[in-house]
There are 2 protein chains.
Amino acid sequence: MSQSVDSAVSVVRTHIEQHRAAFLDDLAEWLRIPSVSAQPDHEADVRRSADWLAAKLKETGFPTTEVWGTPGAPAVFAEWPAEAPEAPTVLVYGHHDVQPAAREDGWDSDPFEPVVRENRLYARGAADDKGQVFFHTLGVRAHLAATGRTAPAVNLKLLIEGEEESGSPHFRALVEAHAGRLAADAVIVSDTGMWAEDTPTVCTGMRGLAECEIQFHGPDQDIHSGAFGGAVPNPATAAARLVAALHDEHARVAIPGFYDGIVELTDQERELFAGLPFDEEQWLRTAKSYATQGEAGHTTLERIWARPTAEVNGIGGGYQGPGSKTIIPSSAMVKLSFRLVAGQDPDRVEQAVRAWAADRLPAGIRQEITFAAATRPCLTPLDHPALQCVVRAMGRAFERPVRFTRTGGSGPAADLQDVLGVPVLFLGISVPSDGWHAPNEKVELDLLLKGVETSAYLWGDLAENWRHAP
Amino acid sequence: MSQSVDSAVSVVRTHIEQHRAAFLDDLAEWLRIPSVSAQPDHEADVRRSADWLAAKLKETGFPTTEVWGTPGAPAVFAEWPAEAPEAPTVLVYGHHDVQPAAREDGWDSDPFEPVVRENRLYARGAADDKGQVFFHTLGVRAHLAATGRTAPAVNLKLLIEGEEESGSPHFRALVEAHAGRLAADAVIVSDTGMWAEDTPTVCTGMRGLAECEIQFHGPDQDIHSGAFGGAVPNPATAAARLVAALHDEHARVAIPGFYDGIVELTDQERELFAGLPFDEEQWLRTAKSYATQGEAGHTTLERIWARPTAEVNGIGGGYQGPGSKTIIPSSAMVKLSFRLVAGQDPDRVEQAVRAWAADRLPAGIRQEITFAAATRPCLTPLDHPALQCVVRAMGRAFERPVRFTRTGGSGPAADLQDVLGVPVLFLGISVPSDGWHAPNEKVELDLLLKGVETSAYLWGDLAENWRHAP
């Protein structure tokens with residue numbers, strides 16, 4: 001087996017070396033399409049990007065490639081069945097739309113004219129997410145080359161959406177509408193990153209998100225703070241008091257029931273987090289912040305990856321212009337967001353927030369709470385067999401031990417988990433310096449090719465070692 | 001004495017009756033000048049209003065009338081010395097500028113074309129404040145007619161400013177620059193009102209005002225609440241917590257030292273307030289509010305007139321647009337105002353607020369506090385002899401018992417108290433229904449003429465009964 005592994009590695013690497021130039025040329029062609037989903041001017045470009053990808057996947061060998069329309073930007077679906085009918089089915093998720101970018105934002109070169117400098121490919125979308133979608137194309141070809149197959153070892157499906165950078169407004173509906181076609185045993189998300197250039201990692205979970213706006217209505221109009229001050233309730237004070245009551249003195253969220261049912265970190269996970277080479281000073285600089293603070297009894301990494309939070313995203317009420325205006329404002333509002341971890345149900349969190357806010361409502365103030373659509377948390381246990389396949393494939397490609405992270409953010413992949421009812425795994429090779437959403441976005445070419453290589457090893461490993469759901 | 005009083009009343013009333021038509025015609029002419037100090041378009045009108053008043057005061061008999069320039073709108077000064085050199089000196093304060101007004105704001109007639117309907121004179125400035133300044137012109141003439149004098153019984157000075165509706169930005173400097181000319185034994189402010197049409201009242205105090213803006217700086221820019229949420233301090237949370245800490249559970253201001261040295265209400269004042277015909281439901285409708293709330297142990301009238309307050313006039317931070325934005329904001333701010341009562345020193349209050357805010361500053365948040373220029377509180381004790389003269393003059397005019405109020409607002413009259421170092425008394429005949437700053441501002445003609453009559457009785461009473469400062 002060791003012999004066949006080595007030989008497989010050798011074939012994969014040779015295949016990648018032989019096709020590297022064409023692969024990069026193709027990627028550059030795709031990156032030249034400014035598929036900015038948030039800007040109506042680029043609507044045609046986003047459609048062009050979808051068509052380009054569908055054609056390229058067809059060329060790669062996928063027998064089925066389709067462009068799926070939405071009320072917004074289109075998604076690309078591709079499917080390549082395995083020869084063995086009992087093979088597991090894997091759905092790869094990514095997106096082909098990109099963040100806005102303009103040379104004058106601080107780019108050293110045209111964001112839509114890819115260029116390689118010092119073994120890095122600079123372009124909008126290089127890492128987020130075209131590069132990380134595209135490594136699967138050469139990956140699956142290398143997989144076939146190394147195994148002598150004519151079809152992948154797994155039933156391989158791709159769903160590459162076109163609205164991720166606009167908040168994926170139609171994604172859940174799209175997944176629900178096509179749930180049958182998308183049915184899979186696991187989802188592989190290639191839209192994240194790893195800890196550092198020299199530290200390959202697998203992300204095992206993503207926080208969920210519940211968001212609300214609370215309006216506080218006091219007097220029917222702004223009233224004079226001299227004539228009425230001190231004698232009627234002030235809605236801005238009510239808003240502030242509710243925000244102040246969000247956390248207790250240990251920086252724990254003080255909403256009754258908020259933590260009910262959450263999956264606590266295991267000792268093993270806490271040790272693995274603690275073992276990562278984490279420089280808190282450096283992290284603070286990235287956060288552009290001047291102190292760490294958070295839930296007592298937890299480290300910074302635990303706080304951002306594995307603990308639920310309550311944050312004020314916006315607060316407003318009364319006079320905010322220059323100088324002063326002696327009023328009691330008629331209304332105030334706060335926008336709150338809650339990051340959720342495994343075991344938390346957004347509906348139960350919403351009920352808990354509503355009950356807590358209603359309970360603290362002062363007499364004479366009217367409250368209106370609006371919740372946006374929530375995103376559920378994802379978490380794959382460390383010992384999940386499919387996760388072990390990802391770790392093994394990545395370890396073979398990088399020839400280093402693979403460590404574990406989570407991500408504090410929230411994403412549409414959770415909709416795939418919900419609707420399809422299957423675990424979500426993360427395979428990403430981007431690094432923090434890649435500049436997502438920033439000027440001079442890039443991808444490290446060595447890491448991009450390690451992504452190709454990991455993809456090449458993964459499908460065989462999954463078919464061989466993962467006893468998927470019957 | 002009773003005989004001479006009766007005869008004086010009779011002469012005063014006859015004089016007023018004889019000159020009423022001309023008085024109202026003159027006032028209407030003044031009201032036609034749209035002296036809106038807040039609108040640069042009306043700069044010439046404000047100057048014209050000052051010139052008109054100076055000329056009218058000259059015609060009334062004031063030997064000295066001057067228009068005093070400021071960096072903004074001009075004030076009018078007039079002086080009429082008493083014959084007796086030992087007579088007390090009284091300075092009347094009012095303003096000749098008015099609030100903005102436009103027919104389309106909801107006026108039933110042109111705001112600058114005075115009209116009498118149902119014995120009410122409708123025009124912008126009818127009550128606030130041209131009508132209440134102007135009643136002194138006929139008042140002093142009636143005083144002379146009733147006493148056979150050729151000059152008032154007191155040294156009478158008038159200072160009628162032109163920027164009150166713009167916040168009196170240059171008033172204090174003006175008073176300081178002319179302190180010698182303005183020297184007086186008491187100030188009479190005719191820019192307030194009385195309790196109700198059938199309840200003549202004298203206001204005995206005005207709250208002071210300290211205002212600040214507190215900026216809270218967190219991350220150097222808005223940061224992602226998923227990537228960093230729960231692990232760094234949020235400046236909007238810091239702002240909200242400070243606001244929430246403003247009051248204790250008894251709705252008392254919780255800033256250490258805030259209440260130090262305040263002059264408490266006497267039992268007599270509390271009884272007098274409690275004896276006013278106060279309909280709290282009606283008051284709430286005026287406040288356009290849905291509940292009363294305030295410092296424990298005090299009534300609504302005590303809370304708005306005689307207790308210091310802390311109110312949030314504005315709060316803001318982070319994303320306030322439609323929908324949501326998952327950020328930890330870079331900064332937040334609150335605008336606070338504190339109404340002050342006698343015994344509170346704005347400088348000490350500022351120090352107390354700064355110390356309290358600094359004490360509660362979370363690690364990693366930077367705070368900047370800016371205080372605006374403060375206004376001191378005014379309070380005249382109920383037994384002050386000059387106050388008794390005002391009460392007596394008003395009682396003779398209205399033929400009803402005169403009761404006592406205070407005002408919750410704050411005004412530039414406090415600068416006269418500070419700079420000249422003399423008590424401030426209030427003589428006003430406006431009523432709550434007069435619509436200050438609102439469409440269809442009016443003055444009740446009967447009350448306006450009672451103002452004339454009160455002014456006619458006051459100067460003799462002050463000269464006779466008030467042993468002023470030597």
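Predicted model: local features only at pLDDT ≥ 70, side-chain atom pairs only at ≥ 80, totals over all residues.
When neighbours within four places in sequence are set aside, A:Gly435 is in contact with A:Asn440, A:Glu441 and A:Lys442. A:Asp461, by contrast, is 26 residues apart from A:Gly435 along the chain, and the C-alpha atoms of the two are separated by 32 Å.

The chain is divided into domain 1 (2-206 + 378-465) and domain 2 (208-262 + 308-371). Between the C-alpha centres of these two domains of chain A there is a distance of 40 Å. Their contact takes five residues from domain 1 of chain A and four residues from domain 2 of chain A. On the side belonging to domain 1, the residues that touch domain 2 comprise two nonpolar, three polar and no charged residues.

The relation between the two chains comes next. The same surface serves both copies, for 100% of the contact residues of chain B recur in chain A.

The contact between the chains takes 66 residues from chain A and 66 residues from chain B. On the side of chain B that touches chain A, several elements each supply at least two residues, among them β9 (208-217), α6 (235-244) and β13 (331-340). The largest share of that side, nine residues, comes from β11(B). By class, the side of chain B that touches chain A divides into 26 nonpolar, 28 polar and twelve charged residues.

Strand β11 also pairs across the two chains. Five bridges join β11 (residues 309-318) of chain A to β11(B), and the two strands run antiparallel. Within this pairing, A:Gly316 stands opposite B:Gly316.

The interior remains to be described. In soluble globular proteins, nonpolar side chains tend to be buried together. Here the largest nonpolar core has 266 residues, and those with the most contacts inside it include A:Val187, A:Leu425, B:Val187 and B:Val390. Leaving out residues up to four places away in sequence, B:Val390 touches B:Val202, B:Leu425, B:Leu427 and B:Leu458.

Conventions:
Residues numbered from 1 in each chain as written. Chains lettered and ligands numbered in written order. Contact = placed C-beta atoms within 7 Å. Helix = DSSP H or I, 4+ residues; strand = E, 2+ residues; numbered from the N terminus. Nonpolar A, V, L, I, M, F, W, Y, C, P; charged D, E, K, R; others polar. Pairing = 2+ DSSP bridges. Core = buried A, V, L, I, M, F, W, Y, C linked by C-beta atoms within 7 Å. Buried ≥ 20, exposed ≤ 12 C-beta atoms within 10 Å, placed from the backbone. Domains from an automatic or database assignment.
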